[in-house]
Amino acid sequence: FNVINGGSHAGNRLAFQEFMILPLGASSFTEAMVMGCETYHALKGVIKQKYGQDACNVGDEGGFAPNIQSNVEGVELLMQAIKKAGYEKEMRIGMDVAASEFLTSDGNYDLDFKSDGPRNAIVSGSELGKIFADLSRDYPIVSIEDPYDQDDWKHYSEFTAEVGTNVQVVGDDLLVTNVSRIKEAAEKKACNALLLKVNQIGSVTEAIAAVNLAKSHGWGVMTSHRSGETEDNYIADLAVGLTTGQIKTGAPCRSERLAKYNQLLRIEAELGSKATYAGNTFRFPK
């Protein structure tokens with residue numbers, strides 16, 4: 001569940017695009033929905049108390065968009081909400097950095113790229129990697145998407161080598177659901193998971209080929225919505241049919257996001273005892 005929005009999805013100064021909660025400790029998808037919804041509403045209470053009612057406005061994907069700049073503060077808000085909801089054992093955290101949005105012309109990264117003021121938060125690729133590594137050490141972060149620009153192969157490879165055993169490094173802009181890009185990323189060991197977007201590559205056939213290739217390299221696969229969405233819920237069926245074990249489709253808010261979650265609830269109900277919730281095996285579902 002993408003519950004805090006930043007980057008190009010929100011009008012705040014937060015550089016990282018998405019802060020997500022992953023209810024890995026749930027026993028079923030239905031229970032995971034309960035945990036996600038309760039934590040989402042707990043987060044609203046935390047944000048309202050700290051920043052006021054106006055900070056509870058939501059971004060493109062239904063997540064809250066408080067006017068904060070510190071990415072650490074974004075993670076801290078999640079931790080407070082998780083604790084308030086009572087799911088410290090069950091819940092983990094993920095991020096979509098969307099770093100291509102704040103790449104500078106000289107190959108660095110501007111963590112205050114939405115500000116009109118002086119540029120005083122520019123970091124190198126290596127420094128950005130240290131920020132990610134520190135966050136992963138200090139908080140229960142298990143998945144980081146697009147930590148670098150789509151063509152920054154060097155830092156992708158270095159970062160995946162450093163954290164890839166414990167943290168899923170997801171390629172979205174890096175891979176664009178494209179078999180050729182997946183092959184190159186596998187050769188360079190640049191990431192260890194594919195973000196699956198069917199309309200990014202153009203056909204279901206190509207999307208399935210991308211999933212099969214990613215899985216052949218031992219990667220995880222995260223089925224994904226788009227920031228501009230409709231109430232079509234096909235990706236829920238696709239996630240189950242391809243056994244991706246993961247789906248990213250926004251906060252439990254806004255009908256075009258809830259349509260996918262509701263379809264997953266219907267699928268689980270129809271499958272009954274045959275349904276398996278990936279949970280802690282989300283990277284390697286069976």
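**Helix packing, cysteines and loop residues in a predicted model**

Ala121 touches Gln69, Tyr109, Asp110, Leu111 and Asp112, leaving aside residues up to four places away in sequence. Ala121 lies in the loop that runs between strand E4 (109-110) and strand E5 (122-123). With a relative accessibility of 16%, Ala121 counts as buried, because the cut-off for that class is under 20%. A separation of 29 Å is found between the C-alpha atoms of Ala121 and Lys188, which stand 67 residues apart along the chain.

Asp146 brings the backbone into the picture. Its phi is near 45 degrees, a positive value in a residue other than glycine. Asp146 belongs to the loop between strand E6 (141-145) and helix H4 (153-163), and it is buried, with a relative accessible area of 2%. Lys189 also has a positive phi, of about 50 degrees, although it is not a glycine. Lys189 sits in the loop between helix H5 (179-188) and strand E8 (193-196). Is Lys189 buried or exposed? At 62% relative accessibility, Lys189 counts as exposed, whereas Asp146 is buried at 2%.

Helix H1 (residues 29-51) packs against helix H2 (residues 71-85) at an angle of about 120 degrees, and the two axes are 8 Å apart. H1 is therefore oblique to H2, since angles of 65 to 115 degrees count as roughly perpendicular and those over 145 as roughly antiparallel. The crossing of the pair is right-handed. On the H1 side, the contact is made by Glu38, Thr39, Ala42, Leu43, Gly45, Val46, Ile47, Lys50 and Tyr51. H2 contributes Glu73, Leu77, Leu78, Gln80, Ala81, Ile82, Lys84 and Ala85. Sorted by class, the contact of H1 with H2 holds ten nonpolar, three polar and four charged residues.

H1 also packs against H9, at an angle of about 150 degrees and with the axes 9 Å apart. This angle makes H1 roughly antiparallel to H9. Phe29, Thr30 and Met33 of H1 make the contact with Tyr261, Leu264, Leu265 and Glu268 of H9. By class, the residues of this contact comprise five nonpolar, one polar and one charged.

Helix H9 (residues 255-271) has a further partner in helix H8 (residues 234-241): the two axes come within 8 Å and cross at roughly 45 degrees. H8 is thus oblique to H9, and the crossing is right-handed. Which residues make the contact between H8 and H9? From H8 come Ile235, Ala236, Asp237 and Val240, while H9 supplies Lys260, Gln263, Leu264 and Ile267. These residues divide into five nonpolar, one polar and two charged. Leu264 of H9 takes part in the contact with H8 and is also listed in the contact with H1.

The cysteines complete this survey. How many disulfides does the structure hold? The count is zero. For Cys56, the closest cysteine sulfur is that of Cys253, and the 11 Å between the two sulfur atoms is too far for a bond, because a disulfide requires sulfur atoms within 2.5 Å. Cys56 is buried, with a relative accessible area of 8%. Cys191 is buried as well, with a relative accessible area of 4%.

How values were computed: Residues are numbered from 1 along each chain as its sequence is written. This is a predicted model: local features need pLDDT of at least 70, side-chain atom pairs count only at pLDDT 80 or more; totals for chains, interfaces and linings use all residues. Side-chain values use heavy atoms; hydrogens and water are left out. Axes are lines fitted to C-alpha atoms, for helices over the stretch in contact, and angles run from 0 to 180 degrees between N-to-C directions. Helices (H or I, at least four residues) and strands (E, at least two) are DSSP runs, numbered from the N terminus. Angles under 35 degrees count as roughly parallel, over 145 as roughly antiparallel, 65 to 115 as roughly perpendicular and the rest as oblique. A crossing is left-handed if the near helix is turned anticlockwise from the far one by less than a right angle, and right-handed if clockwise. Contact means heavy atoms within 4.5 Å. Ala, Val, Leu, Ile, Met, Phe, Trp, Tyr, Cys and Pro count as nonpolar, Asp, Glu, Lys and Arg as charged, and the others, Gly among them, as polar. Buried means under 20% relative accessible area, exposed over 50%, partly exposed in between (1.4 Å probe, protein chains only).
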